[in-house]
Amino acid sequence: MAEIKEACGVFGIYDLDGENVTPSIYYGLTSLQHRGQESCGLAVSRTNGERGNVQFHKDLGLVSEVLREDTIRKMEGDIGIGHVRYSTTGASVAENAQPLVLSYVKGTLALAHNGNLVNTPELKWELIQNGAIFHTTTDSEVIAFHIARERVHSKTVEEAVLKTAQKIQGAYALVIMSPRKLIGVRDPYGLKPLCLGKRGNAYVLASESCALRAVSAEFIRDIAPGEIVTITKDGIHSDMRLATGKHAHCVFEYIYFARLDSTMDGVNIYESRIRGGKSLAKSYPVEADLVTGVPESGIPAAKGYSEASGIPFGFAFYKNSYIGRTFIKPTQKERESSVHLKLSVLESVVKGKRIVLVDDSIVRGTTIANLIHMLKEAGALAVHVRICSPPFLHPCYFGTDVPSNDQLIASSHSTEEICKMIGADSLGYMKSEYLEGMAGHLPLCKACFDGNYPMEIPDVE
């Protein structure tokens, strides 16, 4: 129920037996829909067919809306990639939907990107000076153009990918399709997730392991930070020349982004959120009658709080699954209306009770304030808010849509002031020292909380 956006989800598959992969891409993207509900698309090709014969379709909308049965039935290939998107760089227009498909002197290239670069302006200016004409406003097109340019002077496409990856700075997980190769790339810090799976004689790359299960693929491993994986008819080749050994996994994958049934870099997401809730109970005990979570990501943390505190866990909200996420609404008034459409309070559960309300984050504070009001209107005697992340104090430059400081309520108000503003009886944020334990003791990027960015960031937003 956070008021922030994820970046995107990527998916790629190569069936070495020549079976049609289009339905698998559809199912894979559907399982990654939580990572992006703004636009989507897929591109497929035949590795034994005419070079450059790529079929693709993309548009604004959900997977089920864009990739309709009559559309994907016409698309066939044994290799393909797909993408679901939220805009963190570039406007919300159909032109910015992915995958990006390029035709150039060496053939074709299709690319799908999750993440955000911090050196896009200089990379783009370099291309413009050499005559490039851009059709989108995304940094993903900058990556694709650089790969195409490097390919002219490289023996292989994976060499061109490496040279490009050595230029770009920021967070990225890429799946790239050339006529006879499927390539996956993960940034050296491991900021964005990517994993590898296998189904029969087909190899799959995906943002999350839940997408592997959706296509009956077995999880093999996570792509390592800084790794370039190339899948061809001869199998898998790994290139670690990009790796630095310095990792900074995005903490919000474990707090909010990833699906509950995913495992990411060896950490079970459900268990990480349970641990987060237990840490909150340890840090902020309170006398209450019921612990509840804000659907969906607040629920496992609420269960963890309940287990550690001994206060019973229960469902206080009914969620209408057919309403889009609140942050899609462009105006505050529409956003507030969507909260009431999306969630309704179970009055018989909360009436006359002191409630512990667990959520993943507070950005502007408006959504949680509405929920507290709804609970008290339904008869809750008190609402104690517990947040499974520290206060947002800094913007994110790596593909998570944490807004500028003037929109972050915690950047200009104390916890006590926020508590009063949202109408809570008490407010407790996750303590930063508990984050590593929650995420399986991985090295984390927590820059949105502490301002310690893993790399140099732009001087201006």
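Trainee: How many aromatic pairs are there?
Mentor: This is a predicted model, and the count comes to 10 aromatic pairs. One of them joins Phe252 and Tyr256, with 6.4 Å from centre to centre and 70° between the planes.

Trainee: Is that pair of Phe252 and Tyr256 stacked or edge-to-face?
Mentor: The pair is edge-to-face, because planes over 60 degrees apart count as such.

Trainee: Where do Phe252 and Tyr256 lie?
Mentor: Both belong to helix 8, which covers residues 252-257. They are 4 residues apart, about one turn of the helix.

Trainee: Are Phe252 and Tyr256 buried or exposed?
Mentor: Phe252 and Tyr256 are both buried.

Trainee: Which residues do ring pairs link into a cluster?
Mentor: The cluster consists of Phe252, Tyr256, Phe257, Phe392 and Phe449.

Trainee: Turning to charges, what sits over the ring of Tyr203?
Mentor: The charged end of Lys198 does, 5.3 Å from the ring centre. Likewise, Lys431 lies over the face of Tyr284, at 5.9 Å from the centre of that ring.

Trainee: Now the helices: at what angle do helix 9 and helix 10 pack?
Mentor: Helix 9 (residues 269-283) and helix 10 (residues 298-309) pack at about 50°, and their axes are 6 Å apart. The angle therefore makes helix 9 oblique to helix 10.

Trainee: Is the crossing of helix 9 and helix 10 left-handed or right-handed?
Mentor: Their crossing is right-handed. Helix 9 contributes residues including Tyr270, Arg273 and Ile274 to the contact, while those from helix 10 include Pro300, Ala301 and Tyr305.

Methods:
Residues are numbered from 1 along each chain as its sequence is written. This is a predicted model: local features need pLDDT of at least 70, side-chain atom pairs count only at pLDDT 80 or more; totals for chains, interfaces and linings use all residues. Side-chain values use heavy atoms; hydrogens and water are left out. Rings of Phe, Tyr and Trp (its six-membered ring) pair if their centres lie within 6.5 Å; planes under 30 degrees apart count as stacked, over 60 as edge-to-face and the rest as tilted. Helices (H or I, at least four residues) and strands (E, at least two) are DSSP runs, numbered from the N terminus. Buried means under 20% relative accessible area, exposed over 50%, partly exposed in between (1.4 Å probe, protein chains only). A charge sits over a ring if NZ of Lys or CZ of Arg is within 6 Å of the ring centre and within 35 degrees of the ring normal. Axes are lines fitted to C-alpha atoms, for helices over the stretch in contact, and angles run from 0 to 180 degrees between N-to-C directions. Angles under 35 degrees count as roughly parallel, over 145 as roughly antiparallel, 65 to 115 as roughly perpendicular and the rest as oblique. A crossing is left-handed if the near helix is turned anticlockwise from the far one by less than a right angle, and right-handed if clockwise. Contact means heavy atoms within 4.5 Å.
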